Amino acid sequence: PIWTDYLFWRKQMKNLKQLMLASAALIALGACGEKASEPVTKAPGEATAPATTANVDGARLRNAASTPEEWLSYGMTYDEQRFSGLDQINLENVSDLGVAWTYNLSTNRGVESTPIVVDGVMYVTSAWSVVYALDAKTGEQLWVHDPDVDRSVGVNACCDVVNRGVAVWDGKIYVGVIDGRLEALDAKTGEVVWSKVTVDQSKPFTITGAPRVVDGRVFIGNGGAELGVRGYLSAYDAET
């Protein structure tokens, strides 16, 4: 709901001066009883992408629940239950969790992304539809894609210039840009493969939602009803 999003944004902006992405690692499973080590903050740097990157197809998405060590789509599975089958963290060892790494998203605007984790890489978005690819184990930066949005578009966004995340399919990362574009990025490099304007940019449409991919088609919606436009859903060929 819009009001819930607005309250969440206000709380974020009041309490946080700098937003950080953190990954928690479970320390001392089984016989090991050591406490978590001190947090290590990773400065943005260069790292090497894995040989297999975002090699996702329909079968893999349909069976996403069988690989709970990854998070392949916005709601985990096509029915978006957001349920993780991981069971290593439990009541007995949850107190041993500690921060493994942090990464600075370098923004004081709203961050509402669901990180996608696939083939050892975490894909996460921040304000203004910027996409980050990080090594999921170390937090090292693999690449960053900034779609260079005209900041004047921000006035059309009811609840800050947020982005809910990306979709992955066949070596590509798909992101809805707040100015109405849908972009496909090379999962290994972050380079733009294709970019399409999906709305009438003379009207106050915005995109903050995450795309979905089904059978080689990328679906994306849009918003802006607060300012008098009517949202709709469109689909694009994932390759072109």
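How many salt bridges does a search of the whole structure find? I ran the search and noted eight salt bridges. I keep in mind that this is a predicted model.

**Entry: Glu 70 and Arg 60**

I looked up Glu 70 and found its side chain in a salt bridge with that of Arg 60, at 3.1 Å from N to O. I then checked where the two residues sit. Glu 70 is in the loop between H2 and S2, while Arg 60 is in helix H2, and the two are ten residues apart. The pair links distant parts of the chain. I checked the accessibility of Glu 70 as well: its relative value is 12%, and because buried means under 20%, Glu 70 counts as buried.

**Entry: Arg 181 and Asp 179**

I looked up Arg 181 next. Its salt bridge partner is Asp 179, and 2.8 Å separates the closest N and O atoms. Are these residues buried or exposed? I found both Arg 181 and Asp 179 to be buried.

**Entry: Glu 239 and Lys 172**

I found another salt bridge between the side chains of Glu 239 and Lys 172, again listed with an N to O distance of 3.1 Å. Lys 172 belongs to strand S8 (residues 172-176) and Glu 239 to the segment after strand S13 (234-237), so this pair ties together parts that are 67 residues apart in sequence. I compared the accessibility of the two ends. Glu 239 has a relative accessible area of 39% and is partly exposed, whereas Lys 172, at 10%, counts as buried.

**Entry: Asn 93**

I located Asn 93 in the loop between helix H2 (58-62) and strand S2 (97-104). What does its side chain reach? I found the backbone oxygen of Gln 88, at 2.8 Å. Asn 93 has 9% relative accessibility and counts as buried.

**Entry: the disulfide**

I searched the whole structure for disulfides and found one. A disulfide is a covalent bond between the sulfur atoms of two cysteines. Here the cysteines are Cys 158 and Cys 159, with sulfur atoms 2.4 Å apart. Why is this disulfide called left-handed? I read the torsion about the S-S bond as about -90°, so the disulfide of Cys 158 and Cys 159 is left-handed. Cys 158 is partly exposed, at 40% relative accessible area, while Cys 159, at 8%, counts as buried.

**Entry: strands S5 and S6**

I looked at strand S6 (residues 141-145) and found four of its five residues buried, so the strand is largely enclosed by the rest of the structure. It pairs with strand S5 (residues 131-135) in the antiparallel sense, over four bridges. I noted that Tyr 132 has Val 144 in S6 as its bridge partner. The hairpin of S5 and S6 has five residues between the strands, and Gly 139 in this hairpin takes a positive phi near 80°.

**Entry: the open sheet**

I traced an open sheet of four strands in the order S7-S8-S9-S10, with antiparallel pairing. Which strands stand at the edges? I found strand S7 (167-169) and strand S10 (192-197) there; each has a single partner strand, so one side of each is left without a neighbour in the sheet. Neighbouring strands of this sheet are turned by 20° against each other on average, direction ignored. I also looked up the pairing of S7 and S8, which runs over three bridges in the antiparallel sense. Ala 167 has Tyr 174 in S8 as its bridge partner.

Key:
Residues numbered from 1 in each chain as written. Predicted model: local features only at pLDDT ≥ 70, side-chain atom pairs only at ≥ 80, totals over all residues. Heavy atoms only, no water. Buried < 20%, exposed > 50% of the residue type's maximum accessible area, 1.4 Å probe, protein only. Polar contact = N/O pair within 3.5 Å; in protein donor to acceptor, adjacent residues only side chain to side chain. Salt bridge = Lys/Arg side-chain N within 4 Å of Asp/Glu carboxyl O. Disulfide = S-S within 2.5 Å. Pairing = 2+ DSSP bridges. Axes fitted to C-alpha atoms, helices over the stretch in contact; angles between N-to-C directions.
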